[in-house]
Amino acid sequence: MPVKDPGSQELVVKVLASGICHSDLHAMNGVIPYASIPITPGHEGAGIVEAVGANIQDLKVGDHVILRFVMSCGACAPCVQGTDNLCRKLKFLGFEVDGTFAEYVSVPSRHAIHLPDSIPFEQGAIIGCAVVTPIHAMNIARVRPGSSVAIFGLGGVGIHAVQTGKIFGAAEIFAVDISDSKLSLAKLFGANYAINGSKEDTVAEIKRLTDGVGVDFAFEFIGLPTTQLQAISSVKRGGTVTLVGIPNQSLNIDLKYLLTNEIQLRTSFDHTRAEVDDVIRLVESGRLDLSKSISHRFPLSKVNEGIDVLRKNIGDPIRVVVTP
Ligand code: COD
Ligand code: ZN
């Protein structure tokens with residue numbers, strides 16, 4: 001692909017790390033309707049500013065940046081109100097605009113966020129999706145200190161929900177997956193209980209461990225009807241369920257059960273600009289440790305092998321990162 005000269009408000013960024021997310025598989029499989037093809041995928045990237053347009057003042061050549069995939073306009077009502085993930089002119093890097101599985105990316109400068117030099121590029125890359133997505137979900141759910149939290153799905157995104165839960169002050173975290181190695185990792189990341197959904201009755205186990213009551217908050221990071229229903233059944237009366245995984249099928253919910261138990265059902269989509277800044281501060285201050293988050297690395301020329309690792313679950317990937 002040719003590298004364009006930056007427009008007056010644009011930057012050219014040399015991509016130094018780019019994570020592979022399940023959403024990339026969703027785009028390839030047609031689950032995400034807004035993915036336009038042909039496209040250079042990759043929505044979780046970080047790199048170094050290579051060239052700046054004439055009107056750029058806040059970033060300079062050599063600065064480290066995270067490329068933000070939520071390309072909001074910054075001017076519409078949702079943007080001004082701090083909910084720029086709901087921007088009326090939203091475009092997605094790597095789904096509608098050529099993304100980060102590339103040597104260079106050119107973007108309007110407002111979609112590049114300064115990354116402190118102390119944070120490695122590969123950690124900067126995964127901040128942009130895998131780490132900030134659960135932060136948004138927990139802000140949506142309004143997790144309170146001392147709560148009990150169940151996390152369904154410990155992939156690249158869900159595993160970071162375990163650490164996020166700790167930061168939000170959860171007293172007890174129940175991690176659910178079908179992979180024993182993901183469950184072991186979740187325990188290392190601070191989960192109190194690890195439940196293998198392929199071997200145990202997840203809901204019965206969560207109820208047993210909470211004296212029959214259920215958890216305060218449940219989050220679903222997979223997108224499957226089975227686990228969405230398990231999440232709904234695992235919260236206490238008055239509990240909150242937040243769905244994050246994009247489903248490919250519709251969900252048959254018993255509204256009477258929700259209503260008579262006052263269960264709050266919420267959905268969480270992507271993240272806001274301010275939440276990326278929050279995550280950067282958490283990592284910079286050492287509150288959030290991403291040193292164990294990258295399990296596989298591939299050169300850009302082998303990006304398809306990296307995608308296969310996630311698709312076929314080879315070697316229990318946490319985050320697979322592509323480097324130049
Ligand atoms: N029960 C329990 N765990 C399961 C089950 C099951 N039946 N099936 C699969 N799992 C586990 C897998 O073992 C794996 O650990 C995990 O679920 C899925 O992980 P990954 O690594 O394949 O997926 P992620 O973490 O990269 O992506 C998950 C999302 C739900 C975020 C993604 O698929 C999605 O829907 N994204 C769109 C929504 C969104 O907010 N996106 C933000 C930008 S992508
Ligand atoms: Zn993603």
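This is a predicted model: local features need pLDDT of at least 70, side-chain atom pairs count only at pLDDT 80 or more; totals for chains, interfaces and linings use all residues.
Residues are numbered from 1 along each chain as its sequence is written, and chains are lettered from A and ligands numbered from 1 in the order of writing. Local features need pLDDT of at least 70 and side-chain atom pairs count only at pLDDT 80 or more, whereas totals for chains, interfaces and linings use all residues; side-chain values use heavy atoms, with hydrogens and water left out.

Ligand 1 sits in the largest pocket, a pocket being an open set of points on a 1 Å grid over the protein atoms alone, where a 1.4 Å probe fits, with protein on both sides within 12 Å along at least five of seven lines; a molecule sits in it if more than half of its atoms lie within 2 Å of its grid points. α1 (22–29) and α3 (121–141) are the elements that give two or more residues to the shell around the ligand, and α1 gives the most, with three residues; helices (H or I, at least four residues) and strands (E, at least two) are DSSP runs numbered from the N terminus. Of the 26 residues around ligand 1, those that come nearest are His 22, Ser 23, Asp 177, Ile 246 and Arg 319, a residue being near if one of its heavy atoms lies within 4 Å.

Polar contacts (pairs of N or O atoms within 3.5 Å) to oxygen atoms of ligand 1 include one from a polar side-chain atom of Lys 182 at 3.0 Å, one from a backbone N or O atom of Gly 156 at 3.1 Å and one from a side-chain N or O atom of His 26 at 3.2 Å. The protein covers 90% of the 910 Å² of accessible area that ligand 1 has on its own (Shrake-Rupley method, 1.4 Å probe).

Elsewhere, a cis peptide bond with omega of about 5° joins Ile 37 and Pro 38, and Pro 38 lies in the loop between α1 and β2 (45–52). Asp 211, which is not a glycine, has a positive phi of about 55° and is placed in the loop between α6 (202–209) and β11 (215–220). Most residues other than glycine have a negative phi, and most peptide bonds are trans.

Technical notes. A polar contact is a pair of N or O atoms within 3.5 Å; within protein, one must be able to donate a hydrogen and the other to accept it, and residues adjacent in sequence count only if both atoms are side-chain atoms. On a 1 Å grid over the protein atoms alone, a cavity is a set of points where a 1.4 Å probe fits but cannot get out, and a pocket is an open set with protein on both sides within 12 Å along at least five of seven lines; lining residues have an atom within 4 Å of a point.
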